[in-house]
Every structure is written in structure tokens, then in C-alpha cells.
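Visitor: I am new to this structure. Please show me how to read it, one feature at a time.

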Amino acid sequence: MSLHAVQTTSPERGHQRNPGFPLDLDWVERVRMNRSALERRASTIGARRSVKKQWQSAWMLKAITLIDLTTLNSDDTPGRVERLCAKARHPVRDDILKALGAEKLDIKPGAVCVYHAFVKTAVKALKGSGIPVAAVSTAFPHGLAPLETRLMEIEASVQDGAKEIDIVIERGQVLTGDWQGLYDQVKAMREACGDAHIKTILGTGELATLTNVAKASLVCMLAGADFIKTSTGKEKVNANLKTSLAMVRMIRWFHEETGIEIGYKPAGGISSAKDALTYMALMKEELGTHWLQPHLFRFGASSLLTDLERQLEHQATGRYSADYRQPMV
Amino acid sequence: MNEITNIFESLDYGPAPEAAAPAEVWLDLHGRKFGQFIGGKWTKPGKTFASINPANEKELARITDGTRADVDKAVKAARAALPGWQALSGFERAKYLYAIARQISKDSRLFAVLESIDNGKPIRESRDADIPLVIRHFYHHAGWAQHLERELPDMVPYGVCGQIIPWNFPLLMLAWKIAPALAAGNTVVLKPAEFTSLTALLFAEVCEKVGLPAGVVNIITGQGETGAALVDHPDVDKIAFTGSTEVGKIIRRATAGSGKGLSLELGGKSPYIVFEDADIDSAIEGLVDAIWFNQGQVCCAGSRLLVQESIEDKFLKRLRARMDKLRVGDPLDKAVDIGALVDPIQVQRIRSLLATGEKEGMVKYEAKGALPPTGCYLKPTLITGVSPSHTLVQEEIFGPVLVSMSFRTPEEAVALANNTVYGLASTVWTENINLALDIAPQIKAGVVWVNCSNQFDAAVGFGGYKESGFGREGGKEGMRVYMKPAFEKKLKPAAPVKTAANIDTYETDGIDHTAKMYIGGKQARGDSGYARTVIAPDGTAVGEVSDGNRKDVRNAVEAARKALGWANTTAHLRAQILYFLGENLDYRRAEFADRIRAMTGATAAAAKKEVDASIERLFAFAGWADKFDGAVHNAPLRAIAAAMIEPIGVIGIAAPDENPLLAPIAMLAPAVAMGNTTVLIPSERHPLAMTDLYQVIETSDVPGGVINIVTGDQPSLARVLTEHDGVDALWYVGDVDHSAEMERQSTGNLKQTWTTRGLDFDWFDKDNLEGRFFLDRATQVKNVWVPYGA
């Protein structure tokens, strides 16, 4: 494959990219996830940790840097994508940042995430901002186009300037236990990505059990995923905390065994600042503060930004804010 | 605001304080000094002691140290309130319990904050665990008040209940005590622990607010002496205690022979078993619930980790990493996992235990992270390098200290789990349902949590085996603890036994008819080499039996313990054997009737009636064997909470002289039907009916050791049984003094006792003795929680 090298952004200095590992089916078979126990932990994480005042402000500002600002709708147009990119360049009103004393922080989202068709538009709109463009490029959201087609789509996206590729796995491979098939596909996609980072979308809402989610996570990581991601946003069930726990714990186990740090991206349904902070607490508790960096954690979201901005304004002024006061995403 | 940019990098949590003000205002409103709540009125504070906030060791309020006179006044108030309270319909009582639940709901944050500043527990726990469980308990028991007569027929409330609760879950333990007591129609005098009286006092105000009739609930604050006064008070009908095993034993001795009902919820050293096929990370998170909940000050804390050797290293490594994430600090900080221990004295006690552990060579790991400079704090601690012979493995630490050992096989896990004097709770982690359901019945504990830990609910009974106490709290099994069979109240003292001829012991002289002991399925010669003559009312000798001694009892108990596998036979098999026993006795009914006549001088008709009744009783309990079964409770959780009926173990039975065949069979049959093994001391004066029964037992396929019979001096042999730590329960039929003695001496292993205290039980009474009365006493309830979900 002829792919040009893509420059990676700086915060991940010293970060070793996942080189991929042989498929270890014994390991896959050892995976156990107890749903009730995960639900119990998930339901208390928000109650066990909370941040207030300036801590809350700092965490919310951090949350913005962890967003993959996303538009993935069938009616997207270049104009819509350009508006999104403009918001990405300027995610929080200056007066709010100033009031919080946070002007110097370089607050910008982790990436802008679009369909392949809009990669060029986004790259152009974000030029000079340092914000990478992520593309969903494997017959998103179903992932059922011929493999060659999907691989060609990845290559095309990378060629158009995408630095991150969000691929979708074939859910059927998980449901039928075809781990080898899944591994081979993800490995091929990873190769197609070249230097662009690969996020593997599991479509967790369609994988039936948390054990399946965990096994699929492991197979994707073994195949070379840089990120594992929950959902396309198009399934009936989007990201939630119990699924996140299952995936995050697989990331932890993978790190324990290989020393490689894999990123996590919950996507879909995370629209409030409070939810975002709970996810961050979960990451901090289960994986450590280190994981709260854009190269290891992203939210797949769009309306989340508005709520974060609104809450930041509240922190800055002491008055509750309204959504229409924030420039729309 | 440079701070934000710093936090942006560090992503620290920062403080998240819950305001203490409303609780402080409440304390100020009372001048930070409290009297007692007696008969619906507040007394003036008397001599007081300080209640401190263990987070900063500052005084919160002064609490009245209750005197004997205070206790007497409170018991009188409870007594006076009793008729009115019992005259109310179940619905009326339900309305009060419902109102209490609603009122606590309305004041829930005040209760939570007050609990946290008084006890030191994190606000997250008092807010999300203690108080919601309290409210749930009153709701649940409102229902029991209304359905009692239907669901527990022929049971009546005890009357005045004295309740003594610990400091670890102050308001929750109050709810566990008061809700069922009131639902059942009792009135109560409750003494909170001296460290934590405040929420009980706030609860008294709830009683006032909802208009609970005066005297139904009385709150007496004080220290150990106050509790002792309540235990000793002659007009208290029942004592319920939650606390240490040491104090539980003192209470058992103090109430011996008094006829007071008694339920004890005591200490524990609960095993936490992790098999290699568990969801390891979830099992580690479960440990946080098990041992780092409430600073580890939980009687059922999973404090003994047993992890399969194949995963031990990985498990402990991940556990230590998890421990490092626990945040210890201000209980009112919403983002704190572990608050303050209740009092400096507890911190000292645990430090001293840890010092012993160090001397014994333990390896200690303390979680990273700093402690607040002042206050009663300890770091979460993991102890490795220990075995069952180490002090820290045997003793209840009651703090945030976990001891860890490994096991190789399921069998070894069970052996280690049961290698303790306690039996309160246990936890089992495995994804294999076959393994989980194999292990759960084998653990001698009142609660088994599968793939979870420290789950509680008002609908599910909670309570211990062994030295963790007896009685249950929660569920239908918990309601039974606050009621007693109506017929017991009508029993009259037994007529003094006619002492006919003097029974001397003398050396054997080779008479062939000397009946031997029956031990381990064999006729065994007595150890003493002495025999006793059995004399008929007319003074003639009708035979001889061995004069049993300590060693015979010891041998019998050993045989009974070896036969404990009887519990694992199917109920159908036990039924068959009891039916067969009845059938074989029936075959020899004439012979047994003649023997009864010869020994007791009974009429032919009376003797025949006794034999017939004995056969009928065997059939009755054969019929019960596979029908007295458990329940599945409705906990508000996606789980099966199965209340399993299990035998107690070895039951010692001392039979009376009356009805020398029927009385022992009336007790043996339920004990054996439920899977217990037994050591019987038959009638001292008329033992031959039971020694004759050996042959019937032998021909009826009763496995050796299930029924053991030792003849001789009834009270002295019973004393050996009650003092034997291998006997799990003692049923004693005899006079007041001996009954008291048996109860007093039972505390070595805190065995469950039932004594007749000289009351005249009618052994022919089918209505009352052919059913639950003995079945309840022959069994204990184990609740197994199994959450599920694909």
C-alpha cells in the first residue's frame, strides 16, 4: 500500500503505538465479565467521585480537549462541516475563558470526526489549527461492504488528509465467535491506515453481552487498534458506563500484559457535562490520570460541547446559563 | 485563577464537601445536651458523657449516661404502652411504620449528615446505603404488621423488647431492631451505642412527629452498665443484641433461665473466596465493598480473602493497585471512599493487632496516599504471608485490614472458609454456576453472596451460624424472632416428679441384660464400668443400663460429628428411613408398650397410646423431611436471594422422665428429619424404652452416628453436652434450675439452646409439636444471594 506518512500531534510524545500482536485465543477464552458486578460499579462511580468549583472548571475544560467533535448524518453538507470546524477552532467563548483565567490553555477538541466524503472539506477548514480530522471509513455504520471496498475507503480517507480512522467491525463475527476473521480484518485495516491512528468501533449495543464486548476489545487490540470505541451512535444502545468498564478493564489488562497503552472512546449519548465528568472519573479510577489525554481518551460527541460551555459560563459568572447563549455546534 | 490551569494538568479531585450546618443547627437547638426518650417524653439530661466527631475528635454533644432507674422507667413505659399497641389492628400499626418511613425520607439528608459526623462514615455511604436501607426496612415491615396474622398464625409478640445496638451502623441497626419488633406488636426499649447515640435521638423525634403512641419506642442512651441494666431487667420479655461475640456471650449467661427471648447478631471473620474462573477485576471491586465499606467496621466484612493459587499473584497485584486508588479522608467529602474509624480506641486496638501480626511475621501492604493529620484514620491494609495459625487470620479486626491466603481446590477453599469460630457471612466469586452452587451450601455461614458482597435488604434474613449468633433480621425469618408460639404462654409448671425408689449405682455383676450405649451405630460398652439399675414404681428392678460419663458423651459427639454428612443425603432418603423406623417400631409395638408399663407403671391403654403416638410422630416428621423448605426472597435487585433451610449440626437432646419413648422421639424425629445428627440422653429413670430402640434403629437403615444414645445421670450428661464445643444445639427438658444452668454453660461455642424451664410440655400435643415448633429449632436459614445477567 502506498501511503504517505502522517504527522502525529505532540502530546503523545513517548507514546508507543500498538504494534499489534498474534491472536491469542487462549487469552480470549479467559475473559470473564460479570454483568451485575459491572453494573454495580458503574452505578456508584458517579456517586463516589465528584468535582466542584475550580476543579470542576478545569475538568470541564479538559473534557473539551477530549471531544471528537462529530457530525455523522446522512444530510451532512460541506456547509455543515465547515460550521463544525469553525466551532472546533473556537470551542469556548473568549469571555468565559478569560473569566476563568484559562485563556492560555490551548482549548480545542481532540479531533473533528466526519464521513469520508467531508475529509477534504474538514482538513481545509481546520488548516493551521492543529486539530486532526478523523474519518469513519469502513462502510460506516454497518461495516458490511466488501472488505476491499472498506480498505480502499480507508486509503482514500488517509489520502484526503485524515489522521485518524474510525473503523467499524463486523458485529456478526463477534456473535458467531469468528475471532480469527475479526482479527484478520482489523489487522488489514490497521495496515491500510498506515500512520493514521485506527479506532475500532465495536457497535457494543449489538454485541449482546459484556463478555462479547470484552473479547472483541481484546481481539481488536491484538490486531493493532490504537483506540477501541463503543458505538457508531446508530445502534439502539450507545455508550454507557458498564460497557465502558468492560472495555477499559480490557485496556488495563492489555497494558498489564504488553506495556502498550490503548485509547478509549465512548461515543453516542454523552451529552451532559455531568456525564462527561463521570466518564473521566471512571478513566482516572480504572486506568489512571495518565489516560485523560487526547491520545488515550476521546468522547464521540457534538452537543456535549454546548453543555460544557454552558456549565463553564455558570462557573465563570455564578449564574446559570442557557444553551442559546453559546455559539452553536 | 492560575489554579485552574494547574488542575487542568493534574486533574486532581479537590474537596467536595457536604454541608454539616443543618446537623450542627439541630445539635445547637438541643443545647448539645440530650436526655432520654421515655414514655413519649424527654427527660432532663442527667450525668452525661461526650459524643465526639471521630473525624476531628471534637465534642459534638453530651449524652445522658442512663441509670438503672432510667432503664426501669423506660421498661415500665414500654409495658404500659403494650396493651394499647397490641389492641391496634395490623393496619393501624402498619400506618405508623409507614409514617416513620416517610418521615425519615423527608429528613434523609439530616439523618445522613448527623450519622456521618457522629460515626465517621463517608457521607456517600450514609446517604446512599445506611439511610435508604433504613427507610426500606420500615416500609417492608409496615407490610408485615398487616399480614402477620395470616402469615404467622398461632404466634404472639413477646411483649417488651430490650434492644442493644452497635456503633457501626447506628440508625440502620436501630431500624433492623425496631421495625420488626413494632410490626409484631411489641414495644421496645432501645439502647444505642455510647459512641453513636445521635441518630437514635433524632429518630425519637420522628416517633414524636408521627404521633407514635407514648411508650411504644423508648430510647435510653448510656454505656455498658446501662445495657446490662436492660438485659437484667426482670420485666423485659426479649433481648435483641448486635455487637461483639464477647458481649453476646455475657448476655447469654445473664439471660440464662430467665425465659427471655434472645437473638444475637455477633462478630465475624467472613471468608471471601475467589476462584480462578472469576471476573477478577469485579472480584477486586467486590472486595472494596466487602472490607473497605464503613472503614471495615462491618460484622460481615469479607475480611479473609481466599484466592485460588493459580491466580494469586495477578490478583494481589491488581488488588494493591486498586487499594492505591481509595481515598481516605473527611467523611463529609462526597468523593471520599474511607472515612474515620469511630473512636481513637478502635484505632489503637487495630494498631496493636497489627503489631502482633508483625511479630508473627506477616507482610503488610498499606495503600499509597496520605491520611489527614488528625482524626481516627487508618490506611487500607492488605496482609499476606499468613496462614490460619496467625492471630490476624483468626481474630476479628473490625477495621480496614484484609488478610489474604491462597487455596488449591474447591475442597480446600471450603475447609479454610469454615476454619473459624464465626459463621456470619461469606462471598464466592466464580463465573461457573455449578461451582458457586456447590460451594454455597458447604460454607457454614448465614449469608452467602455469590459474585457480590455486603448486599442487604429488608426482605432477606441476615444473621449468623456458630459464634456469630442466632436469630435473623429481615424477611419472614426475621419476623419469627419477635414472636413466640401462642401455646407456650399457656404452659404450666410440670408437677414434681415422683421419686420412687432410690437409684443407686453399683458395680456390674455380670447381669446379661445391661443395655449398652449406642454410639456410632454400634452398641458400646460404657467407659465407667458402672451400671444403673432401672427400677419400677413398685421397687423391683426391671433392668440395668450403663452409667454414662463424660467420655461416653465425648465419644457420642465424635460419632455424631463424623456422621454430619447426613445433612447431604436427600430429604427423600431421610423420609424413607424415618418411615422405616416407624414401621419397625410398629412391628414391635406390644413389646415397647410392655416395657413402658414395666418401667413406669402406666396402664396398658396409656402405654399403647404412647407407642402409637411415637409411631405417628415418626411418620409426621418423615413426612416433613422433604416439605419444610426455603423461600426465594424479593430483594430489589436482579438476583435470586434464596433462603435455604439447613440443619444446625449436632443436636444434644436431654429427654425427660415423662413419656420415656414419645418424648425423645418427639425431639429426635424432627432433628433427624432435618439432617441433624444427635446425641440423646434418654429418661434417667426409664431409659429402657430407648435402649430397646437400638435394634429398631439398626434394622431401619439409620446410618451410624446419626442417633447416639448415652444413658445415665441426665443433668450431668447434659452438662457435658452443653459445654461441648462440638455440639451445635442443645435441647434440654428439665426443671428451672437445670435449664438455667444448661443455657449459662452453653456459651463456649454459643450453641443454640432450647430448654423447657420446668414447664409441662404435653408430648401428645400434635397441634403444636408435630410441626414448625421443632422444625424451626432444628434448622437455620442461610440466605444465598445470586445476582444474574448475561
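Visitor: How many residues of chain B are in contact with chain A?

Guide: Contact means heavy atoms within 4.5 Å. By that rule, 44 residues of chain B are in contact with 43 residues of chain A. A word on the ground rules. This is a predicted model, in which local features need pLDDT of at least 70, side-chain atom pairs count only at pLDDT 80 or more, and totals for chains, interfaces and linings use all residues. Residues are numbered from 1 along each chain as its sequence is written, chains are lettered from A and ligands numbered from 1 in the order in which they are written, and side-chain values use heavy atoms, with hydrogens and water left out.

Visitor: What area do chain B and chain A bury between them?

Guide: Buried area is the accessible area (1.4 Å probe) that two parts lose on being put together, summed over both. Here chain B and chain A bury about 4,000 Å². Of that, 51% is on carbon and sulfur atoms. Three residues, B:F8, B:L11 and B:Y13, supply 21% of the area that chain B buries against chain A, more than any other three residues.

Visitor: How many salt bridges does the rule find across the interface of chain B and chain A?

Guide: A salt bridge is a side-chain nitrogen of Lys or Arg within 4 Å of a carboxyl oxygen of Asp or Glu. The rule finds ten across the interface of chain B and chain A. Over all chains, the count is 77. The interface also holds 22 residue pairs in polar contact, both residues at pLDDT 80 or more. A polar contact is a pair of N or O atoms within 3.5 Å; within protein, one must be able to donate a hydrogen and the other to accept it, and residues adjacent in sequence count only if both atoms are side-chain atoms.

Visitor: Which elements of chain B give two or more residues to the side that touches chain A?

Guide: Elements are DSSP runs numbered from the N terminus: helices (H or I, at least four residues) and strands (E, at least two). On this side they are α1 (2–10), α6 (123–151), α11 and α12 of chain B. The largest share, six residues, comes from α1(B). By class, this side has 17 nonpolar, seven polar and 20 charged residues. Ala, Val, Leu, Ile, Met, Phe, Trp, Tyr, Cys and Pro count as nonpolar, Asp, Glu, Lys and Arg as charged, and the others, Gly among them, as polar.

Visitor: Which residue forms a salt bridge with A:E256?

Guide: The partner is B:R318, with the closest N and O atoms 3.1 Å apart. This pair crosses between chains, from helix α11 (residues 241–258) of chain A to helix α12 (residues 312–324) of chain B. Shared partners extend the picture: salt bridges join A:E256 and B:R318 into one network that includes A:R41, A:E257 and B:K314. B:K314 and A:E257 meet in a salt bridge of 2.9 Å, N to O.

Visitor: Is A:E256 buried or partly exposed?

Guide: Buried means under 20% relative accessible area, exposed over 50%, and partly exposed in between (1.4 Å probe, protein chains only). A:E256 is partly exposed because its relative accessible area is 28%. B:R318, at 8%, counts as buried.

Visitor: Where are the two residues of the A:D68 and A:R298 pair?

Guide: Their side chains meet in a salt bridge of 2.7 Å, N to O. The pair links distant parts of the chain: A:D68 is in strand β1 (residues 67–70), and A:R298 is in the loop between α12 (273–286) and β8 (299–301), 230 residues apart. A:D68 is buried, at 0% relative accessibility. A:R298 is buried too, at 5%.

Visitor: Which side chain of opposite charge is nearest to B:E544?

Guide: For charge, Lys and Arg count as positive and Asp and Glu as negative; His and the chain ends are not counted. The nearest such side chain is B:R532, 9.9 Å away. B:E544 is buried yet has no salt bridge. B:E544 lies in strand β25 (residues 541–546) of chain B. Its side chain does make a polar contact with the side chain of B:T533, at 3.3 Å.

Visitor: Which side chain does A:K229 join in a polar contact?

Guide: That of A:D166, at 2.7 Å. A:K229 sits in strand β6 (residues 227–229) of chain A and is buried, at 3% relative accessibility.
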